[in-house]
Amino acid sequence: MKQNNLNWFIVVICIVLWSVYEVYPPTPRDLVQEFASRGKNQDATFKQIVTQATQMEQAQTNSTFTALQDAIGTNDITKYFPGINASNQVRPNLYILNRIQRESAGKIKLGLDLQGGTAYTVEMDTSVLANGTNKVSEAEISGALSQAVEVLRKRIDKFGVAEPDIRPAGNNQILIQLPGLSPADKEAALTAIEKPAFLEFRMVHDRSAEIVEPTTGQILSPVPPGYEVLRHTEQLPGGKTQIEAVAVKKRPAGGNAPDYLAGDVIKGANVYFGNLGEMQIHFDLTPEATKKFGDLTRNNVDHRMAIVLDGELYSAPNIQSPIETGSGMITGHYTTEEARSLVNVLQNPLKASLRLASSQDVGPTLGKNNITSGINASLYAVVFVAAFMIIYYHFAGLAAIVALITNVIILLGVMCAAGVTFTLPGIAGGVLTVGMAVDANVLIYERIREELAKGKSLRGAIDAGYARAFGTIFDSHVTTLISSVILIWMGTGEIKGFGVTLTIGVAASLFTALVVTRLIFNFLTEHNIIKSLSMFHFIKSSKVGFMAVAKPLAIMTSVFAVVAILYGGFARGEKLFGVDFLGGAKTTFSFSQKVSEDEIGSVLKGIGVEATVQYQKEATGTGETLSVTSSAEAADKVKAALIEKLPQAHFTAVSGFTVGASVGMEIRQSAAIAALAAMLGILFYVAFRYEFSFAIAAVIAVLHDVLLTIGVFCIANAVSGGERQFSATVVAALLTIIGFSINDKIVIFDRIREDLKLGMRGSFKEIINHAVNQTLSRTIITSGTVFIATLVLFIWGGGAINDFAFTFLVGIIAGTYSSIFIATTIILVITKGERPSIGASQVSVQNSASAKV
């Protein structure tokens, strides 16, 4: 093996081994067993802890983590785990348990739709909205709840929880569902949820030390009117505590006073390390607050000012000089996680405080049978793609499968290393990645076939095939990367999750297509293991007159898309949208006999109701109930159907309340803006790499594909009696269509550019028609394999998977169709049939040469 090939081989092996390491173990190990196996110097106390925890775990009286905590009690377990240094921790037992739990957890994190998680119901204290005066209106409460939902989404996004479900519930509640979290993460997430982050700067009484003893908090003399005593207790390493107590001014009536500053005053905040390694939270104030803060500090030099967050004292520094820069600092003995959590809530303050009302563990939103059928369908699809590639491309197809497997391993490894949660929208990004990986290999093999047909040697054909396919593959992947990175940057929730998976997958696909298969071919040709490369060729060179019918077809489908969408908007209205967009009703049932989610789903489907069915347990592990979220008007039908159709369960409705949309206004806006920004990015790139008319054509054709798919979905909604509705899953499918469609168009654009540069004779219309025919084999093979793989998901995948597959199937047809008819027609219209500047110099040279002959 040549040195260059050996170097690349080592790189590939290292990346694959690292990816496998990051994925292992994919699923979690039993926490009690892990605790028992890792303990050293085990004595009778340790064995008793393990026995008690095992008994509680088997009795399902509590979660495994809580069972271990209860079994440990007041015992010191640090001596059993000498390899875990917990000497400097405030709560060493909890630190050790968290460490073991984290290391025993599976690396593949599943989202709410696939695994379930934890549900919190929090109540907002709406009384503070009145500010002690008038009664709060419903509009003000609704506005505060909507603001709280978006603030919580930002907090939880920064906390690292992927794709949470957050929506208003009832009159003053918010329902928050987070995918499977460790006990430590649950505690941190709840802290991030409950903190309103109301920051205040209050002046300390000049004789504070005479009013309250600073280090014990003991009251020494009556507290003056208008003041109150605040204490700050810090837990120090080794179990010690430190108290700081001061007498500070109370919050003034109305919240306004010359020596008081509070409210939404933070512009930004960051965590830094001090000179002694302590955590410091630096914050910057808004311009308006900066001016007031400067006046406040200028008028109170040599006086102390208390920094109060959510009614708790954090510090009370002495003002040494006016602070007019609008910057400040909060210090304390914080852990890194605590400091980051504080920064998070400072940047996203709430208008009113939240209180935890209830907490439950909830099951997966897709249902176990739907998940199982989806996994099986995905395996069938992969087997089909692998079989087709091997049958059609023979040995080259086998090399492509090796590259595809490598691609999946790298994708999983990077996602696990980055802590990405696997959800259905994320898996949608993976589906597109697999399609692009197959497409890249098809492009290379079709190019190699062309070079072999020219009479080149096998090694020469392979070299030329990779060289000629490189530009197309690179451009198609970069345009997809542009859109996926913008979705990460500007999107939230499911949109961001889709973008993350797609970005990782596309990068991995580009690497494996250009490096892994090339290494295989180089090794085999260098050692003369293969001397020829046979392939089937069902779709040989064609001369179909696509451009003759392109314009009327383009007009026809464009009109159909517009009419279908208008019909959907006016005739179907809100019937087009599911609970994700409109909100609905959540009904909770008690029961005496548990029935599977899928059996319940079948009953609801029989009465024409689409609903999310979840079993949920109280956080203590007891009190299991059934939760059904449906449209508001279907709530009564749900109650009646479950009681009548499933009498053995003895369902009883114990509570019910309205829930808001999980795809809130901010998510819709961010998705729309991100999609438009992605289109703009694609426009600039294609214009830079090709020609401006190509860029305009690409964007309009992709927009056509999305609108046509939406139009067909509107018709399907009417035909199915409202069974198919727009949901977060359908949004993920539409984003997938954008990526697939632009990839398809770049292939044809690249061949048009190549033919122009080669100085091909004929009109521009004839050149375009020739390029479409040249790439027809690749188009049919790639679109066909992705279509059939998605068709398998459509047939065997249930629920939301079926909706995704249906939408993507329409998008595959639309994307392939528009590449041939729409994009090419737009190019001809913009250029008025004239050759663009691409390849102009080559054409003039050839023309002059032929004139001389």
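Two strands count as paired when DSSP finds at least two bridges between them. In this predicted model, strand β3 (residues 165-169) and strand β4 (residues 173-179) meet that rule: five bridges join them, and the strands run antiparallel. One bridge can be picked out by name. Ile166 has Ile176 in β4 as its bridge partner.

Three residues lie between the strands of this hairpin. Gly170 takes a positive phi there, near 70 degrees. Strand β3 is mostly covered, with four of its five residues buried.

## The whole protein

The protein has 853 residues, and 52% of them count as buried. It holds 27 helices and 19 strands.

Leu309 stands opposite Glu312 in β12.

The hairpin of β11 and β12 has two residues between its strands. Asp310 takes a positive phi in this hairpin, near 55 degrees.

## Met203 in strand β5

Met203 is found in strand β5. Its relative accessibility is 5%, so Met203 counts as buried, the cut-off being under 20%. What surrounds Met203? Leaving out residues up to four places away in sequence, Met203 touches Tyr227, Ala247, Val248, Lys249, Asp259, Leu296, Asn300, His303, Arg304, Met305 and Ile319.

Asp259 is one of these contacts. Met203 and Asp259 are 56 residues apart along the chain, yet their C-alpha atoms are separated by 6.7 Å.

## Aromatic pairs

How many aromatic pairs does the structure hold? The count is 26. Phe46 and Phe81 form a tilted pair, 6.3 Å centre to centre, with 55 degrees between the planes. Phe46 lies in helix α3 (residues 44-59), and Phe81 lies in the loop between α4 (64-72) and α5 (92-104), so the pair ties together parts that are 35 residues apart in sequence. Phe46 is buried, at 0% relative accessible area. Phe81 is buried as well, at 3%.

Phe201 and Phe283 also form a tilted pair. Their centres are 5.8 Å apart, and the planes make 40 degrees. This pair links distant parts of the chain: Phe201 sits in strand β5 (residues 199-203), Phe283 in strand β10 (residues 279-285), and 82 residues separate them. Phe201 is buried, with a relative accessible area of 0%. Phe283 is buried at 1%.

## A ring cluster and charges over rings

Some rings join into a group. Ring pairs link Phe384, Phe388, Tyr392, Tyr393, Tyr445, Tyr466 and Phe521 into a cluster.

Charged ends also meet rings. Which ring lies under the charged end of Lys594? That ring belongs to Tyr615, and the charged end is 4.6 Å from its centre. The charged end of Arg753 sits over the ring of Tyr690, 4.1 Å from the ring centre.

## Helix α12

Helix α12 covers residues 395-417, which makes 23 residues. How does its length compare with what is expected? The expected span is 1.5 Å times one less than the number of residues, so α12 should span 33 Å. The end C-alpha atoms are 33 Å apart, which agrees. Just after α12, Gly419 takes a positive phi of about 70 degrees.

Asn407 has its place in helix α12. Is Asn407 buried or exposed? Asn407 is buried, with a relative accessible area of 2%. Neighbours within four places in sequence aside, Asn407 is in contact with Thr433, Ala437, Gly505, Ala508, Ser509 and Thr512.

Technical notes. Residues are numbered from 1 along each chain as its sequence is written. This is a predicted model: local features need pLDDT of at least 70, side-chain atom pairs count only at pLDDT 80 or more; totals for chains, interfaces and linings use all residues. Side-chain values use heavy atoms; hydrogens and water are left out. Buried means under 20% relative accessible area, exposed over 50%, partly exposed in between (1.4 Å probe, protein chains only). Contact means heavy atoms within 4.5 Å. Rings of Phe, Tyr and Trp (its six-membered ring) pair if their centres lie within 6.5 Å; planes under 30 degrees apart count as stacked, over 60 as edge-to-face and the rest as tilted. A charge sits over a ring if NZ of Lys or CZ of Arg is within 6 Å of the ring centre and within 35 degrees of the ring normal.
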